[in-house]
Amino acid sequence: TLTIKGKAHLISGQDVYYIRPQPKLGIDTIKKNGPKTKDIFYCFLLLYVLSQAGINTCHLVYINKNSYKDIDFKCKLQDNKVQIEDKIFDYSLEEIKQNFASLYIHCLDKTLPERNYQDSDYQCQYCLYRLKCQSNVNI
């Protein structure tokens, strides 16, 4: 059984909007590298569930907290894969469920998952667990 907790921020016609406020540094990184994997996963799940109600596009909207300028990535499901503009992300529903199940186990075990970025990346500056995660993080 697939249970999704969380919310879509707006549903309009056949589109769902998932809005993610970001600091300026985060927006600059997203402009350079594209949407965050966790947000792509969430859009995939929203589209998977809501496609039965006729929703066929998820707008992943990142908004700069200071200037309110936004970046809108239009996500669609195509052959059970997420397509954002001309790029197709090869994540399966099973892979996404396993990812969230793994995070759930880490929560139960009170452990941190492995990071997929370097110690110097900006994410560490905002993390409440940075001192527990790696003692050699220079912030």
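These legends go with several close-up views of a predicted model.

**View 1. The whole chain, for orientation.** Before zooming in, here is the overall layout. The protein chain holds 5 helices and 6 strands. Starting at the N terminus, the elements run β-β-α-α-β-β-β-β-α-α-α. Of its 139 residues, 29% count as buried.

**View 2. Helix α2, residues 37–50.** This helix has 14 residues and spans 20 Å from its first C-alpha to its last, close to the 20 Å expected at 1.5 Å a residue. It's largely enclosed by the rest of the structure, because 10 of the 14 residues of α2 are buried. Which residues of α2 are buried? They are D39, I40, F41, Y42, C43, F44, L45, L46, L47 and L50. As a reminder when looking along the helix, residues three or four places apart point the same way, because an α-helix has 3.6 residues a turn.

**View 3. The largest nonpolar core.** This core has 26 residues. Y18, C58, L60, F73, C75, V82 and I84 are the ones with the most contacts inside it. At least two core residues each come from β2 (15–22), α1 (24–33), α2, β3 (57–64), β4 (70–78), β5 (81–84) and α3 (93–109). The biggest contributor is α2, whose 9 residues make up the largest share of this core.

View 4. Is C43 buried or exposed? C43 is buried, with a relative accessible area of 0%, and C75 is likewise buried, also with a value of 0%.

**View 5. The second largest pocket.** About 160 Å³ of space lies in this pocket. Its lining is made up of N33, G34, P35, T37, I40, F73, I84, E85, D86, K87, F89 and Y91. Sorted by class, that gives 6 nonpolar, 3 polar and 3 charged residues. Both α2 and β6 (87–89) supply at least two residues of the lining.

Technical notes:
Residues are numbered from 1 along each chain as its sequence is written. This is a predicted model: local features need pLDDT of at least 70, side-chain atom pairs count only at pLDDT 80 or more; totals for chains, interfaces and linings use all residues. Side-chain values use heavy atoms; hydrogens and water are left out. On a 1 Å grid over the protein atoms alone, a cavity is a set of points where a 1.4 Å probe fits but cannot get out, and a pocket is an open set with protein on both sides within 12 Å along at least five of seven lines; lining residues have an atom within 4 Å of a point. Grid points are joined across faces, edges and corners, and a volume is the space filled by probe spheres set on the points. Helices (H or I, at least four residues) and strands (E, at least two) are DSSP runs, numbered from the N terminus. Ala, Val, Leu, Ile, Met, Phe, Trp, Tyr, Cys and Pro count as nonpolar, Asp, Glu, Lys and Arg as charged, and the others, Gly among them, as polar. Buried means under 20% relative accessible area, exposed over 50%, partly exposed in between (1.4 Å probe, protein chains only). The expected span of a helix is 1.5 Å times one less than its number of residues. A nonpolar core is a set of buried Ala, Val, Leu, Ile, Met, Phe, Trp, Tyr and Cys residues joined through side-chain atoms within 4.5 Å.
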